[in-house]
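Subject: Structure handover

Hi,

Here is the structure I promised to pass on. My notes follow below it.

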Amino acid sequence: MSARFSAGNAVAIAGFATTEAVRHAEQALGALAVDTARSAIADAGLRVDQIDGFVSSSLLPSAGGHRPEEGVSVVSSAWLAQQLGVSPDYAAGFDGIGQITGSVAIAVNAVASGAADYVLLHRALHNPRGRRYHSNPMREVHGALQWTAPQGFFGPLAMIALPYTEYLQRFGARRESMAAVVVEARKNGARIPWSYWHDRPLSSQEYLSAPMLCDPVCRYDCDIPVDGVAAFVLTTAERARDLPHRPVYVAGYASGAPQTPRLPTHWPLDDIIEGGAEMARKLWAHSGIGPAQVDLPQVYDGFAPLVWLWLEALGICPTGEAHRFVDAGGIDADRPGSVPALSGGGALGNGRMHGLPQMLECYLQLAHRAGPRQRDEVNVGLACHSSPHYGGAVVYTAEGVC
Amino acid sequence: MSASRPVPVPDAVSAPYWAAAAEHVLTVARCARCGQASMPPEVVCPHCRSTDPQFTFAPVSGRGIIRSWTVVRQAFLPGFDADVPFVLVDVELDEQPGLRMIGRLRDGVDARLQLSAAVVGDFEDLAEGIAIPAFVLAP
């Protein structure tokens, strides 16, 4: 994938819907997904029977070992289409890391190739009851985890804690600087009506007094698990121009693909930095967009240290400098001239919606649908997911840009 | 002894590793085709890409350097509540550049750590016949 994407800006988002992010929804996840899908289709000015493609990623991103239950803990595209009474020409699921990036890529390819005219892309996230989100009751360790779990290296907190420590030590950063990241995410999330943290910003003092979970990761470095669903309708640029809302085009995408196998959930800092740089090279080549043209990067923040790593991977600041950049107000969405990298609140400011807040902010701002949060002169958005060396990103453009 | 912690279940590939560990001998998987070590032993050798690596487990010194660490204060697996807080270290073994293992650092949470600090191999005895590779700071 070295040349520019031949279908760049040929596919657009035409509508959306989202639920509130809540700790535990009253309705079953599948019911929320069906209602949200219907709302998104109506928002795009379409009827359910016009949707001929369904794309998603159904993974429940918990280390808890939960058995997936359709309509209860996960919602696949095929299940959703069936519940909507649609027999689609195309239904697919992404099963890699970076579920939103991967789903968007599949949806765009389906529309661009003509496999489907109108694709519903959704993601449904569930917060299981009964035990802590990542707690796993295993007594015996089989397979790949036998190399890590018996000594207590398990789950995503320890996963991110290792490269975070390495970053602090190598670049002379302090974990106290992460307060600026989380306070910014919560400030922006507090302004979003459907956010779990709506009207609940966080102060630096609150951040710094939070308990440590897996040094240097503290409670507020982690997004809070929620129940929630969002859905988008994608179609060709030509069709989208005849629909009610201003189209937002997909210029291109890239995912990371690290070459070195590692122990389960082992993310050495150098893998992230080198894999992220390679992913970014592919992203700029694929989208035909350069980093200087991106005025709305939405970095992924399921764990706060990923914000520093993404800012560096995208070239917004040099490697090892993001902690100083953010501390100096570099991503303050209210400060003219700054990079509004968490203007949509991200996962830390919305809840564990797994890449959806980043995609949604790009869509809302570029479609001029962000209401009182609407920013002036935003033309190129970039939605990241997961870690730079795995999850990748999607570049979006507004009407009139390309 | 912490019998309630999850215990590894040896399989056809890993059985020699756990048998050696029970004798407090640290080994790593070595590809019979190219001789390079890798952890974990994947289906395909990550060095020569052989689909028939016929891994053998050869003893290593256990010496290495700390590439990173964390202090686990909240356990997500059963049997660790009495152990927290504990230190995990990400170690690059001396035997081969890039050869990494993650294990407990048995010096405790007050040990002063820094990148590239030297460690040596050690073991935690979990149950009869089950020992988990770990590390201590080099003297």
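How many residues does the contact take from chain A, and how many from chain B? It takes 39 residues from chain A and 33 residues from chain B. Two residues are in contact if their C-beta atoms, placed from the backbone, lie within 7 Å.

Before the rest, some ground rules. This is a predicted model: local features need pLDDT of at least 70, side-chain atom pairs count only at pLDDT 80 or more, and totals for chains, interfaces and linings use all residues. Residues are numbered from 1 along each chain as its sequence is written, while chains are lettered from A and ligands numbered from 1 in the order in which they are written.

On the side of chain A that touches chain B, the elements giving two or more residues are β5 (140-141), α4 (155-171) and β6 (212-214) of chain A. Helices (H or I, at least four residues) and strands (E, at least two) are DSSP runs, numbered from the N terminus. α4(A) gives the most to that side, with nine residues. By class, the side of chain A that touches chain B has 20 nonpolar, 13 polar and six charged residues. Nonpolar covers Ala, Val, Leu, Ile, Met, Phe, Trp, Tyr, Cys and Pro; charged covers Asp, Glu, Lys and Arg; the others, Gly among them, are polar.

β5(A) runs parallel to strand β1 (residues 7-8) of chain B, joined by two bridges. Strands pair if DSSP finds at least two bridges between them. A:Val141 has B:Pro8 in β1(B) as its bridge partner.

**Chain A**

Chain A holds 12 helices and 12 strands. Its C-alpha trace spans about 55 × 50 × 45 Å along the principal axes. Of its 402 residues, 60% count as buried, meaning 20 or more other C-beta atoms within 10 Å of the residue's own, with C-beta atoms placed from the backbone.

Strand β1 (residues 11-18) of chain A is mostly covered, with eight of its eight residues buried. β1(A) pairs antiparallel with strand β8 (residues 228-236) of chain A over seven bridges. There, A:Ala17 is partnered by A:Ala231. β1(A) also pairs antiparallel with strand β9 (residues 248-254) of chain A, over two bridges. A:Ile13 stands opposite A:Val248 in β9(A).

**Chain B**

Chain B is divided into domain 1 (8-59) and domain 2 (61-139); the bounds come from an automatic or database domain assignment. Their C-alpha centres lie 20 Å apart. Eight residues of domain 1 of chain B are in contact with 13 residues of domain 2 of chain B.

Best wishes

Key: Buried ≥ 20, exposed ≤ 12 C-beta atoms within 10 Å, placed from the backbone.
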